[in-house]
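Me: I have a protein model open and want to learn how to read it. Can we take it in short questions?

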Amino acid sequence: MVHSYSIELVYRFLYISLSFTFCIIITLLNIQILLLVETYPFLQFSNKKFIVTQTTDLIDIVWILVFSTSWIFVFPLFFYQLILFLKSGWYRYQIYVIYKLFFYPLVIYGFSLILCYFYFLPIVLDFLSQWEVKQTTSILNIEIEFRIFSYIQWILKIRYVFCFLFYSLFFNFLLFHFLLSLDKKYNLLKLYRKILVFFSTLILFLMIPPDVFIQFFLIFISVIVYELIFLFFRSEERRV
């Protein structure tokens, strides 16, 4: 039995390795399209050009994009093959639960990836690209030059961090909503309401361009929202 399971494990590992190799080949053949996709959130609102300071930067960019993109597409296959290998020792309800645990995080990750690409990154890049002083009467003149290697590294880090935070917040929301009783929800909001307001406001400040009126409005909205939620749980607890 150990021999048969070992052979199956080797075959499934070969499937994953072969798929990963094909992804690498496909991304290498379409590296210009992939590079255009990665730079599009910046190029859609700016006419700036990227510069290369070292000859090896382009090689590093190619390998970073190729391996990161290939891993993203092979990652679902890896978990799928792992589930198929382990499902022979599970009950039917366990297989149903594990498929749900595999499907919904994948959908949430795809949604957060789209949200980051089309909404979050353009806002952040638009804000950062405005840090340039061009007044002729100013003593300090600043002109920004964008290194494509640093840009690609920064984009990938921001994307992974954003997707991880989005999934963590969504998971904690579901945990808070479905698994906690009403009195526990009330006590948690009573104890950590100010901390939640602070972190929510901080995240909104990072996502929205700095403006004094907008920042005061966000603080006001955050406080009002959490206070209304707290009053709702308080009234529900008294009713129960």
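Me: How many helices and strands does the protein have?
Reply: Keep in mind that this model is predicted. Along the sequence, the pattern reads α-α-β-α-α-β-α-α-α. Count up the symbols, and the protein has seven helices and two strands.

Me: What share of the contacts with a separation of 6 or more links residues 24 or more positions apart?
Reply: Contact here means heavy atoms within 4.5 Å. Take the contacts with a separation of 6 or more, and ask how many join residues 24 or more positions apart. The share is 77%.

Me: How are helix 2 and helix 3 oriented to each other?
Reply: Helix 2 covers residues 31–43 and helix 3 covers residues 57–86. Their axes are 11 Å apart, and the packing angle is about 85°. Angles of 65 to 115 degrees count as roughly perpendicular. Helix 2 and helix 3 are therefore roughly perpendicular.

Me: Which residues of helix 3 meet helix 2?
Reply: Helix 2 brings I31, L34, L35 and E38 to this contact. By class, the contact has seven nonpolar, one polar and one charged residues. On the side of helix 3, the residues are I61, V62, L65, V66 and T69.

Me: Is I152 buried or exposed?
Reply: I152 is found in helix 5. Leaving aside neighbours within four places in sequence, I152 is in contact with L35, E38, I61, I64 and L65. The C-alpha atoms of I152 and I64 are separated by 8.4 Å, although these residues are 88 residues apart along the chain. The relative accessible area of I152 is 1%, under the 20% cut-off, so I152 is buried.

Me: What is the relative accessible area of D57?
Reply: D57 lies in helix 3. Not counting residues up to four places away in sequence, D57 touches V52, R147 and F149. D57 is buried, and its relative accessible area is 3%.

Me: Which helices each supply at least two residues of the lining of the second largest pocket?
Reply: About 550 Å³ of space lies in this pocket. Of the 14 residues that line the second largest pocket, the closest to its centre are F75, F79, P105, L106 and Y109. The helices that each supply at least two lining residues are helix 3, helix 4 (92–129) and helix 5 (148–178).

Me: How do the lining residues of the second largest pocket divide by class?
Reply: Tyr, Phe, Pro and Leu are among the residues that count as nonpolar. The lining has no polar and no charged residues. The class left is nonpolar, with 14.

Technical notes: Residues are numbered from 1 along each chain as its sequence is written. This is a predicted model: local features need pLDDT of at least 70, side-chain atom pairs count only at pLDDT 80 or more; totals for chains, interfaces and linings use all residues. Side-chain values use heavy atoms; hydrogens and water are left out. Axes are lines fitted to C-alpha atoms, for helices over the stretch in contact, and angles run from 0 to 180 degrees between N-to-C directions. Helices (H or I, at least four residues) and strands (E, at least two) are DSSP runs, numbered from the N terminus. Angles under 35 degrees count as roughly parallel, over 145 as roughly antiparallel, 65 to 115 as roughly perpendicular and the rest as oblique. On a 1 Å grid over the protein atoms alone, a cavity is a set of points where a 1.4 Å probe fits but cannot get out, and a pocket is an open set with protein on both sides within 12 Å along at least five of seven lines; lining residues have an atom within 4 Å of a point. Grid points are joined across faces, edges and corners, and a volume is the space filled by probe spheres set on the points. Buried means under 20% relative accessible area, exposed over 50%, partly exposed in between (1.4 Å probe, protein chains only).
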